[in-house]
Amino acid sequence: KLDPCLRRAWVDLAVGILLRNVARADFTVVRDGEAARSGPVAELFRHVNGSMSRFDLWKETAAWWSLEGEAFWWFGPEYSGGIPRELNVLDPRRMRLEQGTGRKRWFYQGERELVPILADELVHFRDWNPWNPERGINPLLALALEIDQDYFANKANTQLLKHNAIPQGILKTDQTIRPEEADAIERRWEQKYGASRAGRKIAVLGKGTEFKPLSFTPEVVKLFELKKWNLYTILSKYGIPPRVAGVSDEGTALSGKDTKEQHAAFWKYTIVPLLKQFEQIAETQFFARLGLRERGVFDLSDIPELQESEDEQSKRDIAEMNAGLKTINDVLRERGKEDKPWGDVWYRPKNLVPTKGVNQE
């Protein structure tokens, strides 16, 4: 069975969009509320292993998550406890779980041998699976029919184009002609007006003969409609708005307010929740499990799509403070920042005047 990325171009495109955006968020190791610039943990996430960068770590993690619903970090064959010296992303398709009495053990099928791996040598990123609580679930499983339909639609269209199964048109006549005469007419038409003679603009037909062009059959048109439906289904599954993928039904350019809003929504409702989920899994299965003071967070301060949203939030906060609905400390607490000693006092704007008791003329 072919990989979905090979069977469906839009699956490959959707996953690629996710990976490129995940790599834009810098993962930062934090100690006591400050970015850790040194130490074994900060060094580990800065230099993951001898062949993988810190951005590759999260791109590959997100790739397997998007295709298989799970991803694995392995601490390496030399790991014996404590803070690992390297992190390796494993192929979930090669992982097998065996459970004994109160014990869990993984096996990874390498190129030449089966590698046993203990549970405490792994970080397992796993999406919820109603059928197997120990494994993730392929997010494309529910779209298997759509992917197969699109694959066979592409294959049928390719055969149509490759073999030119439908003629561009037919020559009709009200006269009775013999087979050899029909062959002669066909040869003359191809010589003068065939594909290699596309530059000719005028066709001269004999008495009683007309050229009738042919279009795609309704069945072929339905294939294109099916492909369009499958495209939107796959993009929706991955939480990618059409304009983020460069798709538009309108004849207008992909720009303007609508495009910006869809890019912002993509980050707010797809990328940010995914990164938060990665943070929580890493905290539970790595930082907390190893008893580390450090924690890991994705720095989103330089993401333009979110910066615009933060600007809008700031405008709303200022408006609510001016209206007396919030104090400065209320806003600071919502943003996870420390209070100000004077922040619980409401400062009424100078241009506000009371109306109660004032004579109205």
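How many Å apart do the axes of helix α2 and α4 come, and at roughly what angle do they cross? The views below start there. This is a predicted model, where local features need pLDDT of at least 70, side-chain atom pairs count only at pLDDT 80 or more, and totals for chains, interfaces and linings use all residues. Residues are numbered from 1 along each chain as its sequence is written, and side-chain values use heavy atoms, leaving out hydrogens and water.

**View 1. Helix α2 crosses α4.** The axes of α2 (residues 9–22) and α4 come within 9 Å and cross at roughly 145°. Axes here are lines fitted to C-alpha atoms, for helices over the stretch in contact, with angles running from 0 to 180 degrees between N-to-C directions. Helices (H or I, at least four residues) and strands (E, at least two) are DSSP runs, numbered from the N terminus. On the α2 side you'll find Val-11, Val-15, Leu-18, Leu-19 and Val-22, and they meet Trp-58, Lys-59, Ala-62, Ala-63, Ser-66 and Leu-67 in α4; contact means heavy atoms within 4.5 Å. By class, that's nine nonpolar, one polar and one charged. Ala, Val, Leu, Ile, Met, Phe, Trp, Tyr, Cys and Pro count as nonpolar, Asp, Glu, Lys and Arg as charged, and the others, Gly among them, as polar.

**View 2. Helix α4 meets α8.** The axes of α4 (residues 54–68) and α8 (residues 257–287) come within 12 Å and cross at roughly 105°. That makes α4 roughly perpendicular to α8 (65 to 115 degrees; under 35 is roughly parallel, over 145 roughly antiparallel, and the rest oblique). Trp-58, Thr-61, Ala-62 and Trp-65 of α4 touch Leu-274, Gln-277, Phe-278 and Ile-281 of α8. This contact has six nonpolar, two polar and no charged residues.

**View 3. Helix α2 packs on α8.** Here the angle is about 75°, with the axes of α2 and α8 11 Å apart. So α2 is roughly perpendicular to α8. Ile-17, Leu-18, Asn-21 and Val-22 come from α2, while α8 brings Phe-266, Trp-267, Thr-270, Ile-271, Leu-274 and Leu-275.

**View 4. A cavity lined partly by α4.** The largest cavity is lined by Asp-26, Phe-27, Phe-45, Arg-54, Phe-55 and Trp-58. A cavity is a set of points, on a 1 Å grid over the protein atoms alone, where a 1.4 Å probe fits but cannot get out, and lining residues have an atom within 4 Å of a point. α4 gives the largest share of the lining, three residues.

Conventions. On a 1 Å grid over the protein atoms alone, a cavity is a set of points where a 1.4 Å probe fits but cannot get out, and a pocket is an open set with protein on both sides within 12 Å along at least five of seven lines; lining residues have an atom within 4 Å of a point.
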